[in-house]
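Subject: Structure for you to look at

Hi,

Here is the structure I promised you. Please open it and keep it beside this email as you read.

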Amino acid sequence: MSRASVNYLVPPELAGRKLRDILRQEMRVSYGAMKSAKWDGRILLDGVPAAVNSIVREGQVITMRWPDNAPAYALKPYSLPLTIPYEDDHLLVIDKPAPLASQSGAGHPDDSLENALYARFGCPDDFIYRPVNRLDRGTSGLMVVAKNAHAQHRLQEMLHTSDFSRVYLAVTEGIPTPLSGVIDAPIAKEDAASIRRVISEMGKPSLTRYETLQTSDSRALVRLRLETGRTHQIRVHLAHLGCPVCGDFLYGTELPELPGRFALHSAELALLHPFTGEALRLSSPLPQALQSLL
């Protein structure tokens with residue numbers, strides 16, 4: 001997670017353009033990041049620091065360097081084996097177990113995925129945790145973490161677009177009626193002091209597509225695709241449908257056979273790599289503890 005840089009070879013059709021335009025429009029560098037890099041001399045043309053109003057030529061190489069920022073707080077390493085189905089210089093995809101908090105905080109200052117990644121990378125002084133899509137502590141499955149600020153910015157721009165698709169599996173208490181459809185119900189915070197979300201006309205637009213894959217007695221295995229990304233969206237929408245996620249202590253009933261977690265799993269991830277354009281498709285099987293509920 002050390003200093004990273006991104007290179008861009010100027011194609012013929014962009015010759016004569018200003019450097020700032022290529023940084024913002026083609027390399028998708030945020031205005032704040034470009035402004036900071038400009039003053040620090042981290043924007044280079046053919047390896048030499050350059051002004052952002054420079055005119056570029058065909059074949060020149062633009063380099064954007066990212067700073068080695070120190071973390072804003074002390075972090076302790078957490079020794080935890082991680083399953084990482086994909087990793088390169090820009091990002092990694094983790095198959096997160098549950099229960100495991102995605103980020104350190106008051107409830108889990110030393111035993112989160114953030115602490116585990118800090119340990120995996122050897123506790124570097126410049127470590128900064130850059131999650132792209134967070135999963136609740138009780139949710140397992142595929143989760144993306146960026147390795148630098150530029151990658152995080154690009155990936156978060158792609159969230160909830162066709163370039164970044166996520167599919168979840170849930171075991172529900174009750175069988176959805178109808179067996180497939182769209183849940184289109186706005187979600188809002190219950191109140192300022194609560195972490196619960198509720199369906200409310202005053203909430204933000206929220207849409208989830210679902211399909212029932214299997215039923216067993218009074219439970220169902222449901223496949224869900226998010227069109228929006230509200231906090232607790234799947235959990236709230238399934239409870240609204242009358243079929244809360246098994247073991248969901250907030251919106252259903254906690255189950256002793258699922259200690260610390262509930263029956264929600266991030267099972268499929270498809271995205272276009274933000275720099276190479278490669279189509280990445282990853283999947284994670286439903287954990288045995290959730291299969292056994294059926």
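Predicted model: local features only at pLDDT ≥ 70, side-chain atom pairs only at ≥ 80, totals over all residues.

Start with helix 5, residues 233–240. Six of its eight residues are buried, so the rest of the structure largely encloses this helix. The buried ones are Gln-233, Ile-234, Arg-235, Val-236, His-237 and Leu-238. Just past helix 5 comes Gly-242, with a positive phi of about 90 degrees.

Next, the pockets. The largest pocket holds about 430 Å³ of space. Its lining has 20 residues, and Asp-136, Arg-137, Gly-138, His-232 and Arg-235 lie nearest the centre. By type, that lining splits into seven nonpolar, seven polar and six charged residues.

The second largest pocket has a volume of about 370 Å³. It is lined by 19 residues, and those closest to its centre are Arg-134, Arg-166, Arg-230, Thr-231 and His-232. Which element gives the largest share of this lining? Helix 5 does, with three residues. Strand 9 (164–173) also supplies at least two. The lining divides into seven nonpolar, seven polar and five charged residues.

Last, find Thr-83 in strand 5 (residues 83–87). Setting aside neighbours within four places in sequence, Thr-83 is in contact with Val-93, Ile-94 and Asp-95. Gly-174 is 91 residues away along the chain, and the C-alpha atoms of Thr-83 and Gly-174 are 32 Å apart.

Best wishes

Conventions
Residues numbered from 1 in each chain as written. Heavy atoms only, no water. Buried < 20%, exposed > 50% of the residue type's maximum accessible area, 1.4 Å probe, protein only. Helix = DSSP H or I, 4+ residues; strand = E, 2+ residues; numbered from the N terminus. Contact = heavy atoms within 4.5 Å. 1 Å grid on protein atoms, 1.4 Å probe; cavity = no way out; pocket = protein on both sides within 12 Å on 5 of 7 lines; lining within 4 Å. Points joined across faces, edges and corners; volume = space filled by probe spheres on them. Nonpolar A, V, L, I, M, F, W, Y, C, P; charged D, E, K, R; others polar.
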